[in-house]
Amino acid sequence: LMKKLDAAAHGDSTHAERQYLFLKLILMLKEKPLTSRTASRLSDYIEENLDKISSLSDICNTFHYSKNYIIRLFKKEFGVSPIQYINDAKIKRAMYLLETTSRSVKEITEECGYSDYPYFYKRFVRRTGSSPLRWRAQIQENPLMK
């Protein structure tokens, strides 16, 4: 986003386009608070390996941190437990894939690291208020619902 803003500032973009990019950057910074380097590394690892992470032990073994340390760090930096963070990231990815692809819900479930469809379904409904297929249909009908 910073590169786009820089290119817009030095290119032939309109004032409105530059203003849009700037406001988008501000909103992004507001959504994602600054975190410690360790929390950022853990978060990046989770985002890149959602399909492989099945428990907190997977993260502990990779980074050689204790479970208590990771739990305290996530509570402090993100306001949730690591497991809540992982589940939220998985559901966000599922939402993105449902919106941007035509893959089946089963494929998306597996790609997001869920081996148990009923568990995924329950988490998805709790987060969005509707089933994955209904949510996909609603988004396709009205893209502003995101």
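Start by selecting Ser 43, which sits in helix α3 (residues 37–48); helices here are DSSP runs of H or I with at least four residues, numbered from the N terminus. A quick note before you zoom in: this is a predicted model, where local features need pLDDT of at least 70, side-chain atom pairs count only at pLDDT 80 or more, and totals for chains, interfaces and linings use all residues. Residues are numbered from 1 along each chain as its sequence is written, and side-chain values use heavy atoms, with hydrogens and water left out.

Back to Ser 43: buried or exposed? Ser 43 is buried, because its relative accessible area is 4% (buried means under 20%, exposed over 50%, partly exposed in between, with a 1.4 Å probe and protein chains only). Now show its surroundings: leaving out residues up to four places away in sequence, Ser 43 touches Phe 78 and Tyr 85, where contact means heavy atoms within 4.5 Å.

Next, jump to Lys 106, which is 63 residues from Ser 43 in sequence and 25 Å away in space, C-alpha to C-alpha. Lys 106 is exposed, at 56% relative accessible area. Which residue does Lys 106 form a salt bridge with? Pick Glu 110: the closest N and O atoms of this pair are 2.7 Å apart. A salt bridge is a side-chain nitrogen of Lys or Arg within 4 Å of a carboxyl oxygen of Asp or Glu. Lys 106 and Glu 110 are about one helical turn apart, because they lie four residues from each other in helix α7 (residues 105–111).

Glu 111 is partly exposed at 33%, and Arg 103 is partly exposed at 32%.For the last stop, select Ser 131 in the loop between α8 (117–128) and α9 (132–141). Ser 131 counts as buried, at 13% relative accessibility. Its side chain reaches the backbone nitrogen of Arg 134 at 3.2 Å. Beyond neighbours within four places in sequence, Ser 131 is in contact with Tyr 121, Phe 124 and Val 125.

Conventions: Helices (H or I, at least four residues) and strands (E, at least two) are DSSP runs, numbered from the N terminus. A polar contact is a pair of N or O atoms within 3.5 Å; within protein, one must be able to donate a hydrogen and the other to accept it, and residues adjacent in sequence count only if both atoms are side-chain atoms.
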